[in-house]
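This report concerns a single protein chain and selected side-chain interactions within it. The sequence and model are shown first.

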Amino acid sequence: MQDTATSIDELLSDGIKSTPPSFVRSILAAASDPAVTSFAGGLPNPISFPQAELLDSMTRVVAERGADAFQYSMTAGIPELRGWIADRYNRRFGTDYVADDVLITTGSQQILDLLGKVLLDKGDGVIVEKPTYLAAIQAFALNQPTFREVELTEDGLDIDELNAALDAGAKMIYLIPNFQNPTGLTYTAEGRRQVREALAGRNIVVVEDDPYGELRFEGESLPYIGGVNHPHGVVMGSFSKTVTPGFRMGYLLTKDHALLKAVNTAKEAADLHTNVFAQYAVYDYLTHHDLDEHLVKIRDLYRAQAAAMVEAMEEFFPEGVAFTKPEGGMFLWVTLPEGVSTMALFDKALARNVAFVPGDPFYAEPGERNTMRLNFTNADEDTIRDGIRRLGEVIAEELA
């Protein structure tokens, strides 16, 4: 028989060929050496995981839920957990969500994948911040949309650019209003109002990704831009930053039940439902322990770590280097002088046993950037100070 085998590239879809691999995943391997101080990953501090309490919950789930914890379940998620999520948002924001407005997902990353499948055909417009979460770019890229980037400012979005992007056409806008990944910036009340007004009357899905909203350690919480205020408002949440990332437990809330039905169908096709045992374990933990008390400990920890990083940068970074000062979350953003490539700087920093994420993968449009993301939550204060000192030396040598 004649061998007709050819390259697998001829069989791959256009969508997967147009989707970039995760840069962070690749550099985490490079930074896995214990000698490397890594500010690269978006990792919660392991000491924040309530391991003993979760073990108690898992034991109780096995004893009290029995076979239900090990059986197939409904795609939307167990009703008890969905109701708990709706009630918490109602208490925090004065909304009127109910359990039927909530869908439990396999991490919030799955929401991005499902929304892309449900909303985006090849060439459709999707508005994103500039810069934005790199894994959102990756998830949406599978559907080959047209990315419309809008500059992110200290107040929120550049409104002139936003209006131009809306006029050009888009089915969805993806926003991270609280402690944005990668910049750490938070939209001001006025910035939110301006974006809300620009979106009013537009037939567009407004997606607000909020995995860090409960990690505010300075200032006051602000209402969502879309949420229940826009007919196609979607709020994304996660237990990854507040309980544990290993359970991969995310969720979305929306009053748009036609959209929710479509997302539910896409999830059915993807994985039938999210891990049932993990859902019961998280729900048991939440009902037997005070999440707010747990969050106080995380906020105190992250406040000290963020302060340590900012103080070290003020001391060790050379003139001409700017950085954000977040009020919560897990990241801050560094901007070097024009013409300095942080991608080229990465290997030099790694040679000094310190790692960061260059800015390039956080932009939908390719190009060399002079920016970098630093994570402050996964190292103690002394390690942060020493790592920033070494990074400052690398930057100073580059600018000399």
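The sections below treat the basis of the model, one asparagine and several salt bridges.

## Basis

This is a predicted model, in which local features need pLDDT of at least 70 and side-chain atom pairs count only at pLDDT 80 or more, while totals for chains, interfaces and linings use all residues. Residues are numbered from 1 along each chain as its sequence is written, and side-chain values use heavy atoms, with hydrogens and water left out.

## Asn-181

Asn-181 lies in the loop between strand E5 (172-175) and helix H8 (189-199); helices (H or I, at least four residues) and strands (E, at least two) are DSSP runs numbered from the N terminus. Asn-181 counts as buried because its relative accessibility is 3% (buried is under 20% relative accessible area, exposed over 50%, partly exposed in between, with a 1.4 Å probe and protein chains only).

Beyond its neighbours within four places in sequence, Asn-181 is in contact (heavy atoms within 4.5 Å) with residues including Thr-132, Phe-331 and Phe-362.

## Salt bridges

The model has 26 salt bridges, each a side-chain nitrogen of Lys or Arg within 4 Å of a carboxyl oxygen of Asp or Glu. One of them pairs Arg-92 with Glu-214 at 3.7 Å, N to O. Arg-92 belongs to helix H4 (residues 79-93), whereas Glu-214 is in the loop between strand E6 (205-209) and strand E7 (233-238), 122 residues apart. Arg-92 is partly exposed at 28%; Glu-214, at 14%, is buried.

Glu-398 and Lys-348 form another salt bridge, at 2.7 Å, N to O. Glu-398 lies in helix H13 (residues 381-399) and Lys-348 in helix H12 (residues 342-351), so this pair ties together parts 50 residues apart in sequence.
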